[in-house]
Amino acid sequence: MNDILIKNATIVDGTGASPRRGDVTVENGRITGVGTANETAARVIDADGLCLAPGFIDMHGHTDEALLINPTAE
């Protein structure tokens with residue numbers, strides 16, 4: 001059983017492929033599946049009408065001033 005099952009999302013995977021409808025499973029903080037999930041999960045999230053970009057991390061802090069203060073951007 002997975003920890004989280006996100007169902008019915010519009011998945012944008014970053015490969016340049018067209019967005020597609022599907023599910024994402026997560027276990028121990030890691031994505032374990034993208035596509036159609038037939039598994040169960042402790043928590044189920046219905047993402048109908050929402051977009052999901054699994055694995056995408058937005059590092060942009062919405063300001064570049066921080067780089068002047070901390071040039072290594074830690």
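A salt bridge is taken here as a side-chain nitrogen of Lys or Arg lying within 4 Å of a carboxyl oxygen of Asp or Glu. The model is predicted, so local features need pLDDT of at least 70 and side-chain atom pairs count only at pLDDT 80 or more, whereas totals for chains, interfaces and linings use all residues. Residues are numbered from 1 along each chain as its sequence is written, and side-chain values use heavy atoms, with hydrogens and water left out.

**Salt bridges**

Side chains of opposite charge can pair when their charged atoms come close.

| Asp 23 | Lys 7 | 3.5 Å |

Strands, as named below, are DSSP runs of E with at least two residues, and helices are runs of H or I with at least four, numbered from the N terminus. For accessibility, buried means under 20% relative accessible area, exposed means over 50%, and partly exposed lies in between, with a 1.4 Å probe and protein chains only.

The salt bridge between Asp 23 and Lys 7 links distant parts of the chain, with Asp 23 in strand β2 (residues 20–27) and Lys 7 in strand β1 (residues 2–11), 16 residues apart. Asp 23 is classed as buried because its relative accessibility is 7%, whereas Lys 7, with a relative accessible area of 25%, is partly exposed.

Arg 21 counts as exposed at 53% relative accessibility, while Asp 48 counts as partly exposed at 49%.

For the remaining pair, Asp 13 has a relative accessible area of 29% and is partly exposed, and Arg 20, at 34% relative accessibility, also counts as partly exposed.

**Strand pairing**

Two strands are said to pair if DSSP finds at least two bridges between them. Strands β1 and β2 pair in the antiparallel sense over six bridges, and within this pairing Val 26 of β2 is the bridge partner of Ile 4. Strands β2 and β3 also run antiparallel, joined by five bridges, and here Val 34 of β3 is the bridge partner of Val 24.

Thr 25 lies in strand β2 and is buried, its relative accessible area being 5%. With contact meaning heavy atoms within 4.5 Å, and leaving aside neighbours within four places in sequence, the residues that Thr 25 touches include Asn 2, Ile 4, Leu 5, Ile 31, Thr 32 and Ala 37.

Most residues other than glycine have a negative phi. Asn 8, by contrast, has a positive phi near 65°; Asn 8 lies in strand β1 and counts as partly exposed at 27% relative accessibility. Asn 28 likewise takes a positive phi, near 55°, in the hairpin of β2 and β3, which has two residues between the strands. Asn 28 sits in the loop between β2 and β3 (30–35), and with a relative accessible area of 66% this residue is exposed.
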